[in-house]
Amino acid sequence: MAKKASVRDVRRSNRALLLRRLLLAGETSRSDLGTSTGLSAATVTSVVTELIEEGTVHETGFLDSDGGRRRVLLHIDPQAGFVLGADVSETHVSTALFDLTLSRLGSRATPFVGRNISPPQVGEIVGRHVGELLGEADVDARRVIGLGLGVPGVVEHPATPAAVVHADVIGWSTARFDWLEARLGIPVLVDNGAKTTTQAESWFGSARGAEHAIVALIGDGAGAGIITNGRLYRGASSGAGEWGHTKISLSGYPCRCGSNGCVEAIVGASAVLRSWRGRDEYIGREPDGIDALFAAQRAGSPEAMRALGEAIEHLGLGLANLVNLYNPEKIIVGGWFGDLMIRDHPEDLSAAVRRFSLKQPGEQAVVERSQLGMGAVTLGAATLPVDRYIESGFGPSTA
Ligand SMILES: [Zn+2]
C-alpha cells in the first residue's frame, strides 16, 4: 500500500514539474523539459504522452533555427480550464477571469469610499463580478479551477480552507472567506495581496528567474514580497513582508496600525499629499491629487519638489533596510503610487537606495519598475489556484 502511494506521488510530482515548466515557458520542447526539470527523457516522453492524450497539452510543429532540425513544441491548452483572481485593495475590489495559461479574458473593478469595507461586502462584489465575467465569456462555473483572493494584512494558513485574515488597519481583526466558496460553488484560496502580486512578478514579470528579489508595492499603503532562494519568504505564521509597518522615523503622523514612523505613514500617497499640502486631512486614494503633485513638481514648484523629494528619499531608506537584510539581486517597485515615483525618478530612487545600503549589497541590487504594473494584482491572485492545480498534477490520471 505504501509503495503504491509513493509511485503515485512520484508520478504526480513529475507531472507537476513538467506542467509548471510548460506554464512558465509558454511553449517548449521535450528536450528542454528534460534539461530544465532534470527528469529522464523516458519520463518526459511518458508523462507528455499522457498529458496529450488527456487533452491538457497540445503539440505545435516547429522548425529549429540552428541547423534546421525539426523539433516539436508543446504548450498547455489554454481552454483546458479557467481561473479567477480577485484583489481587495484599500479602495477597490478588482476581479479578472483568465484561461489556464493565465491570459486575461475580462476584468471588473468596483471602487468603494473610505476604508470601511466588510468581508460580506467583499463577497457580494466579488460574487457579482464572477457572475458577470463568466456570463460574458460564456464559461461554465464547473470549468473554473478556483478563485484566488488577495487581501490586505497578514493571512494565516494561506491558500488553505483554514485561512484567517488579520487586517486591523481596515478593521478586520479575524476574517474568514470559507463561506464564499459555498456561495460561489468555486474553490476559494486566500493570501496577502502583496504576496500574490510578488508571485505574479516571479512567474511572469520583472522578478522572473530571480532567486533573490524584493517586490515593493506603494499605493495609499505599502507592502512587500520577499523572494529568497526562488521562493516567497513567509516567516513563522506568514506575517513576513509587512514592510509598510517597519519604522523609518521616530516622529511624524500616527500610522493606521497605531504606531508612528511607519514606511506607509511617510511614503504612502496620502502621507505625501498631506506633506505637500501642509495639512492633515483624510484623503484616501486620490490619483487626481497625486497627478496634481507631479504636475506641480514638473512645473518647478519648490513645495512639490520638496514633498516628492522627501518621499523618494524615505522610500530609498525603507528599501535600503531590505537590501541590508536580504541582499536581493533586484528590487521591483510597483503599486499605483510607487509606479509613478519610479517612472519619473528612477535615478533618484536608485541613488537613495544605494546611499542608505551597505556598499556591497547596495551596488548589487538593481532597482526596476514593475513590467506587469497594476495587472499584476488580479493575475497574482489567480496564481493561487493555478499553483495548487499544478501541485495536484492537473487531476485525472493522478487519482
Ligand atoms: Zn504602521
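Is the crossing of H2 and H3 right-handed or left-handed? In this predicted model, the crossing of the two helices is right-handed. Helix H2 spans residues 30–37, and helix H3 spans residues 41–54. Their axes come within 10 Å. The crossing angle is roughly 120°, which makes H2 oblique to H3. On the H2 side, the contact is formed by Arg30, Leu33 and Gly34. These residues meet Val44, Val48 and Ile52 of H3. By class, four residues in this contact are nonpolar, one is polar and one is charged.

The model also contains an open sheet of five strands. The strand order is S6-S5-S4-S7-S11, and the pairing is mixed. Strand S6 (104–111) and strand S11 (188–192) form the edges. Each has a single partner strand, so one side of each lacks a neighbour in the sheet. On average, neighbouring strands of the sheet are turned by 15° against each other, direction ignored.

Within this sheet, strand S4 (residues 82–88) pairs with strand S7 (residues 144–151). The pairing is parallel and runs over five bridges. Leucine 84 has leucine 147 in S7 as its bridge partner.

Helix H4 (residues 119–137) packs on the sheet. The helix touches S4, strand S5 (92–99), S6 and S7. The direction of H4 makes about 30° with that of S5.

Conventions: Residues numbered from 1 in each chain as written. Predicted model: local features only at pLDDT ≥ 70, side-chain atom pairs only at ≥ 80, totals over all residues. Heavy atoms only, no water. Pairing = 2+ DSSP bridges. Helix = DSSP H or I, 4+ residues; strand = E, 2+ residues; numbered from the N terminus. Axes fitted to C-alpha atoms, helices over the stretch in contact; angles between N-to-C directions. Contact = heavy atoms within 4.5 Å. Parallel < 35°, antiparallel > 145°, perpendicular 65-115°, else oblique. Left-handed = near helix turned anticlockwise from the far one by under 90°. Nonpolar A, V, L, I, M, F, W, Y, C, P; charged D, E, K, R; others polar.
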